[in-house]
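These are my notebook entries on one structure. I wrote down what I looked up, in the order I looked.

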Amino acid sequence: MHHRYDVLVVGAGGSGLMSALYASKNKNVSVAVLSKLYPTRSHTGAAQGGVGAALGNVSEDHWEWHMFDTVKGGDYLTDQDAAEVFAKDVIDAVYELEHMGLPFSRLPDGKIAQRKFGGHTKEFGKAPVERACYAVDRTGHMILQTLYQQSVKSGVTFFNEYQVLDLIIEDDALGEKVCRGVVALEISTGEIHTFHAKSVVLAAGGYGRAFKVTSNALSLTGDLMSIYYRKGLPLEDLEFYQFHPTGIAKLGILITEGARGEGGILRNDSGERFMERYAPTIKDLAPRDMVSRAIYMELREGRGAGKDKDYLLLDLTHLPREIVEGRLPDITDFARTYLGVDPVKQPVPIQPTAHYAMGGIPTSIDGEALADGNGNLVRGLYAAGEVACVSLHGANRLGTNSLGDLIVFGKRAGIAAAKYAEGAHFEELPARPDAFAKGEIERLKSGTGTENAARIRKELQETMMDNVSIFRTDETMSRQVEVLKELQARYKNVSVHDTTARYNTELTEALEVGYLLDVAEAMTASALNRKESRGAHAREDYPDRDDESWLKHTMAYRDLSRPGNVLIGYKPVVLGRFEPKPRVY
Amino acid sequence: MIRAKTYADAKEQSHTNAELNWWIFMRVSGVVLVFLILGHLWMTYVSVSEKDATFTAVTAKLADPVWKLYDWLILVLSLLHGANGARYSIEDYVRSRPNRFWVKIIFYAVMAALFIFGSIGLFTLTPSFNK
Amino acid sequence: MFVNLKILRYNPEKDKRPHWDTHKVECEPGDRVLDLLNHVKWYVDPTLTYRRSCAHGVCGSDAMLISGRNRLACKILVRDLTKDGGTITVEPIRGLRVERDLLVDMEPFFESYRAVLPFFINDEAPPAGERLQSPEDRERFDQGTKCILCAACTTSCPIFWVNGRYLGPAAIVQAHRFIFDSRDHGTERRLNILNQNTGVWRCRTAYNCTEACPREIPVTQLIEEVKRAVMYQQV
Amino acid sequence: MYRGREGQWAWLLHRLSGLAILAYLSIHIISIGSFIFGERVYMAIHEVYDHWLFRLGLIAIVAGVLYHSFNGLRVIVMDFTGHGIRYQRHLFWATIVITLIGTAYTAYMVIPRVLAGV
Ligand SMILES: Cc1cc2nc3c(=O)[nH]c(=O)nc-3n(C[C@H](O)[C@H](O)[C@H](O)COP(=O)(O)OP(=O)(O)OC[C@H]3O[C@@H](n4cnc5c(N)ncnc54)[C@H](O)[C@@H]3O)c2cc1C
Ligand code: HEM
Ligand code: SF4
Ligand code: F3S
Ligand code: FES
């Protein structure tokens, strides 16, 4: 089947829906959204704690403070032009969400309620400030629902349960790369569709499923990052992957930082509030990378709780029941359901969990996808949300800044894509645009290999967790490079047994394993290459930040002539208002 | 919004208070029927024998206008209440639209016949009738 | 421990009618049923088909009929269903066409959702900041905002099983969320829709929806509130 | 069978009892109304009614009416008060208890008469 839309959005999470809504405000273009999940199943719905914006509803706040926190939180790898646009625009974006009906929690005076969150401070780091606008502990759920509701209202066209398999990117006469559409599998029928478009917005989310313990959905497998990378196009700053300090032990299900924002305390086996030793000023509300490292240190030094001493405790027992059940009802429910622990009475076992990709498809502040580190674009291609790297989050994202990222840059990308499409024409498709996708499926379905994709994924997740996690060394990462080469080789021997066309989820999962392997490859290479510690990238063999040689973004390219080999390039950091300083809290 | 594709769909979606009114009626008639029916059962079945419901006994009782009205109220309310209740069931279980239509028509006809038959009985009756 | 996982399988491309498949699965008491399904899919029979995503009860993908009741496979643990050596049955939710194994056609469900105008309606020009709303007014419609559109309620309703034209509890919960939002102006239109033959009046207060809701939304209560709202509006 | 709880069974019994009563009511109207055709016709029908099986069957109808009435009241209470919903399970069990007691009393009154043939 063949379709034609002026603007195509891939992904229906917060960023995808935001793009689609704003693109479709431009009445001169047709817009469609493709998503491998029903829109409301997207993982934006799992976000709990809040969206950061300097509304100042509870106490004085300014966008400059927010910008500063973002830059400092990102360990100065944040591009300051992006941070400035973000900190200013997110205020209006939050009001816009409210105008769309989003049911924020309220203060007694009727304004949007706000609470404290890790790394968000007043007066450039003096003390924590209430900046996270929240809707109970379901902020992401409300954003996703509200945006979907508005899409229904404005009649956005959806192609649900369509899994994108390929981007159609060709060189034009001048050698510039141009995106002309996408190829997708209709999961319900097994049919391959070609979508011809003037501009495409990628909003396909992260790849947490590369790790064993993660807060991410089973469907977050880095598909579009990988597809981009397979074309020889760069992925930016992949070495920066955030581990959230408080995942439910073993399961990885997230317990929002809002729990600490409301007064929760982290304790080790002996009940000590250990964060006092690591971040004396803001203690439990230090940025995530620091808290996660502190937890690892505690575990490593044998101060973990439980019989295997492999987890720590999040203590909410000193808080009134109304706060715990009233402001954190979902996580109370998670702890009760999955652990049989009542957070009102007992501390909750926690461990760091793979959470968020700071890196991704490099873009300009209007979401335009970059083809290299020199500012060349892939014309007609845009990206936003977790799949993209603006780079707002630098080396470490602050809590609540991702939802803000979705609504600010999702909107910008949608507007820019629509504007571009308005003035562009449909560029000719190659002769057989779906050849690659069909070939890939053909190979999997007719192969005689004996490898099981699920086993490969399991090994990938376990080795990534061991070798490229919170602390890294040359040794562990070099080992992982070899592991990945072996897994890639084995992946070539995967075959899909299910011959059915309709809802062939064995096939879609096998494809996803392929994406995970590629993203892991780029990530490991980027991490091995960066010989310093910054933000979420903590190397034991290079424990210090080194602005002299490493204040720059990594651009990882697949070496198309030598598979398995990754080429590293760089891109300068946009500096500005805030000079890099040591990062202490 | 589900767009009506046929006349029947459109009619179903048109805005009337029929369902609301029936819903209220079910409740009001229900409350009244509790007294009427439980009373009726007590008086004619539990406290006295079925054997006693002879022709003479029944006709004698119904000669009294108060009982006439009592029984007629039961007749009207429970037929309406029961018929509407049965309509709920028909609409739930009879899936195809033409079948549903015919089942309902036939069912309403039967209910109407019962009502007419019962009413004629009640109101044409005099103790001397047909002696 | 071991449990017998009994799954109702149906692949319309191959099977004439649904049939049961049983797998003996090793597991922990704290495992989710979704973990068991994943185990079977990944290591035993890859053709097993179902939807899933978040794996912790927030995305609404995996409502199934598990051991006789509608639940999310990712939110029900083995220990809550059976003991060592026991049996867990898994079937697709009822009242929607089975596409394959545990996966059903959700389109009719979303069609009912869209029918109640499930979006904020207020055409007045918004203020520069937020519209104000008191915490009490916000609380009034809180329950409905929790809904994840999993369809566990609608497909547990005995009326919906036999009468697919009934909009169903999930759609009414969505309507409730807006009807009782002090900022919204679409109440009258929504109440008119729910006053139709296919609306709230089909509910016979069977409470299966309330029991099934994984988000612990008091669904029946919300439906009753909407019934009264319709009544007061018309009277 | 779906493993619903009290609410589901309450509804199912309500529907079945309602339909059963309607069916009985229809027969009842015909049989009682038959007196317009004269005593002979009426009594001929009445004879059949007098059969012990019918008389015992009527106990079941009483049970149905009791259940339907009190559950009907339960439904009404739920429709108009929040308490009704909160205590719907208790109300269901109360309905069952009332139905059982009422039915037992009816049986206690009727069965001896049936056995004695009066
Ligand atoms: C548990 C949890 C809690 C969080 N809490 C917070 C918080 O409190 N505050 C905050 O700011 N951030 C939070 N985050 C981070 C934030 O929620 C995510 O980064 C963000 O929601 C990502 O949104 P997205 O739109 O980029 O992608 P997603 O919401 O993940 O959506 C991805 C979309 O892409 C589609 N897709 C993917 N691959 C394909 C393909 N191949 N073909 C077609 N479609 C595809 C999917 O169907 C989906 O619709 C949290 C994250 C998690 C996991
Ligand atoms: C005695 C007192 C009665 C009371 C209090 C009562 C009450 C009710 C109520 C409130 C309903 C609506 C149920 C709902 O909406 O879920 C109802 C339904 C019904 N009633 Fe009655 N009723 C009584 C007598 C009768 C009688 C005498 C009949 C038969 C002739 C009858 C037949 C029905 C039927 C068939 C239904 C539909 C059931 C359903 O759709 O589930 N009822 N009743
Ligand atoms: S009301 Fe509950 S059961 Fe129904 S769709 Fe919403 S979350 Fe699921
Ligand atoms: S199960 Fe159905 S009948 Fe009403 S109370 Fe729930 S919608
Ligand atoms: S997988 Fe998301 S609700 Fe179960």
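**Entry 1: an annotated histidine**

I began with the UniProt record, an unreviewed entry, where the annotation "binding site" covers D:His68. I noted that the model is a predicted one. I then located D:His68 in helix H3 of chain D.

Is D:His68 buried or exposed? I found a relative accessibility of 16% for D:His68. Buried means under 20%, so D:His68 counts as buried.

Next I asked which residues D:His68 is in contact with, leaving aside its neighbours within four places in sequence. Chain D supplies D:His14, D:Ser17, D:Gly18 and D:Ile21 to that list, and chain B supplies B:His81. I also looked up a polar atom of the D:His68 side chain and found the backbone oxygen of D:His14 at 3.2 Å from that atom.

**Entry 2: where chain D meets chain B**

I recorded 43 residues from chain D and 43 residues from chain B in the contact. In chain D, the residues that lose the most area to chain B are D:Arg15, D:Phe35 and D:Ile36, and together they make up 18% of what that side buries.

How much area is buried between chain D and chain B? I read about 3,500 Å², with carbon and sulfur atoms giving 72% of that area. My reason for looking up an area was that the size of an interface is often given as the accessible area lost when the parts come together.

Between chain D and chain B I noted 2 salt bridges. B:Arg27 and D:Asp79 form a salt bridge, in which the closest N and O atoms are 2.4 Å apart.

Which helices of chain D each supply at least two residues of the side that touches chain B? I listed H1 (6–33), H2 (39–49), H3 (52–80) and H5 (88–116). The largest share of that side comes from H3(D), with 14 residues. H3 is also the helix in which I had placed D:His68. Sorted by class, the side of chain D that touches chain B has 27 nonpolar, 10 polar and 6 charged residues.

**Entry 3: the other pairs of chains**

I checked which chains touch. There are 4 pairs of chains that touch, and chains A and C have the most contacts among them. Chain A and chain B are joined by no contact, and their closest C-alpha atoms lie 10 Å apart. Chain A does not touch chain D either, the nearest C-alpha atoms of the two being 20 Å apart.

**Entry 4: chain C by itself**

I counted 9 helices and 7 strands in chain C. Its C-alpha trace spans about 60 × 35 × 30 Å along the principal axes. Chain C has 235 residues, and 69% of them count as buried. Among contacts in chain C with a separation of 6 or more, I found that 64% come from residues 24 or more positions apart.

**Entry 5: a threonine in chain A**

I finished with A:Thr476, which lies in helix H14 (residues 474–491) of chain A. A:Thr476 has 15% relative accessibility and therefore counts as buried. A polar atom of the A:Thr476 side chain lies 3.1 Å from the backbone oxygen of A:Thr473.

Conventions
Residues are numbered from 1 along each chain as its sequence is written. Chains are lettered from A and ligands numbered from 1 in the order in which they are written. This is a predicted model: local features need pLDDT of at least 70, side-chain atom pairs count only at pLDDT 80 or more; totals for chains, interfaces and linings use all residues. Side-chain values use heavy atoms; hydrogens and water are left out. Contact means heavy atoms within 4.5 Å. Buried area is the accessible area (1.4 Å probe) that two parts lose on being put together, summed over both. A salt bridge is a side-chain nitrogen of Lys or Arg within 4 Å of a carboxyl oxygen of Asp or Glu. Helices (H or I, at least four residues) and strands (E, at least two) are DSSP runs, numbered from the N terminus. Ala, Val, Leu, Ile, Met, Phe, Trp, Tyr, Cys and Pro count as nonpolar, Asp, Glu, Lys and Arg as charged, and the others, Gly among them, as polar. UniProt positions are given in the numbering used here, feature names are shortened, and annotations may be inferred rather than shown by experiment. Buried means under 20% relative accessible area, exposed over 50%, partly exposed in between (1.4 Å probe, protein chains only). A polar contact is a pair of N or O atoms within 3.5 Å; within protein, one must be able to donate a hydrogen and the other to accept it, and residues adjacent in sequence count only if both atoms are side-chain atoms.
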